Structures are given as C-alpha cells and as structure tokens.
Amino acid sequence: MRVNQDILYLSTKDMPKLKEKLKRAQELSEQLASTLEDIEMYELKFEIKKEEK
C-alpha cells in the first residue's frame, strides 16, 4: 500500500489488512459514540480548589 498525494494504491495483498483496519475503525467509532452518549447523560460540574500549603 502506498500513497501519492490523494491517490491510494492498493495491491491484492493489502486488502485483508485494509479490511481489518476498517473494521477496527468502525468498532472504535461505535465505542466512542457509546461513551459520548454515556457522558451526555451525566450532569458534570467541575470545581477548582486551591491547594493548601
């Protein structure tokens, strides 16, 4: 697999690797979406406290 500007050149041997990377990217995307949905359900409030010396 090699890239020349905006053109991606693939050989037959690259297809399994590309398919696995696309599958992994989809899984990570789904995990991220799930995590973001979970975060939206919380009402998060942050407070900065001064450290005592």
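Glu47 is found in the segment after H1, where helices (H or I, at least four residues) and strands (E, at least two) are DSSP runs numbered from the N terminus. This residue is exposed, with a relative accessible area of 67%; by the cut-offs used, buried means under 20% relative accessible area, exposed means over 50%, and partly exposed lies in between (1.4 Å probe, protein chains only). The C-alpha atoms of Glu47 and Tyr9 are separated by 51 Å, the two residues being 38 residues apart along the chain.

The model is a predicted one, in which local features need pLDDT of at least 70 and side-chain atom pairs count only at pLDDT 80 or more, while totals for chains, interfaces and linings use all residues. Residues are numbered from 1 along each chain as its sequence is written, and side-chain values use heavy atoms, with hydrogens and water left out. The protein chain averages a pLDDT (the predictor's confidence in each residue, from 0 to 100) of 87, and 92% of the residues score at least 70. Among the elements of the chain, H1 has the highest mean pLDDT, 94, whereas strand S1 (residues 2–4) has the lowest, 67. Where pLDDT is low, the predicted coordinates should not be read in detail.

The protein chain has 1 helix and 2 strands, and read along the sequence these follow the pattern β-β-α. The radius of gyration, taken over C-alpha atoms, is 21 Å, well over the 10 Å that the globule rule (2.2 Å times the number of residues to the power 0.38) gives for 53 residues, so the chain is more spread out than a compact globule. Its C-alpha atoms fill a box of roughly 60 × 30 × 20 Å, taken along the principal axes. Of the 53 residues, 4% count as buried.

A nonpolar surface patch of about 720 Å² is made by Leu32, Leu36, Ile39, Tyr42, Leu44 and Phe46. Patches are made of residues with over 30% relative accessible area and no salt bridge, like charges being joined within 9 Å and nonpolar side chains (Val, Leu, Ile, Met, Phe, Trp, Tyr) within 5 Å; a salt bridge is a side-chain nitrogen of Lys or Arg within 4 Å of a carboxyl oxygen of Asp or Glu.

Definitions and conventions. Accessible areas come from the Shrake-Rupley method with a 1.4 Å probe; for residues, only the protein chains shown count as cover.
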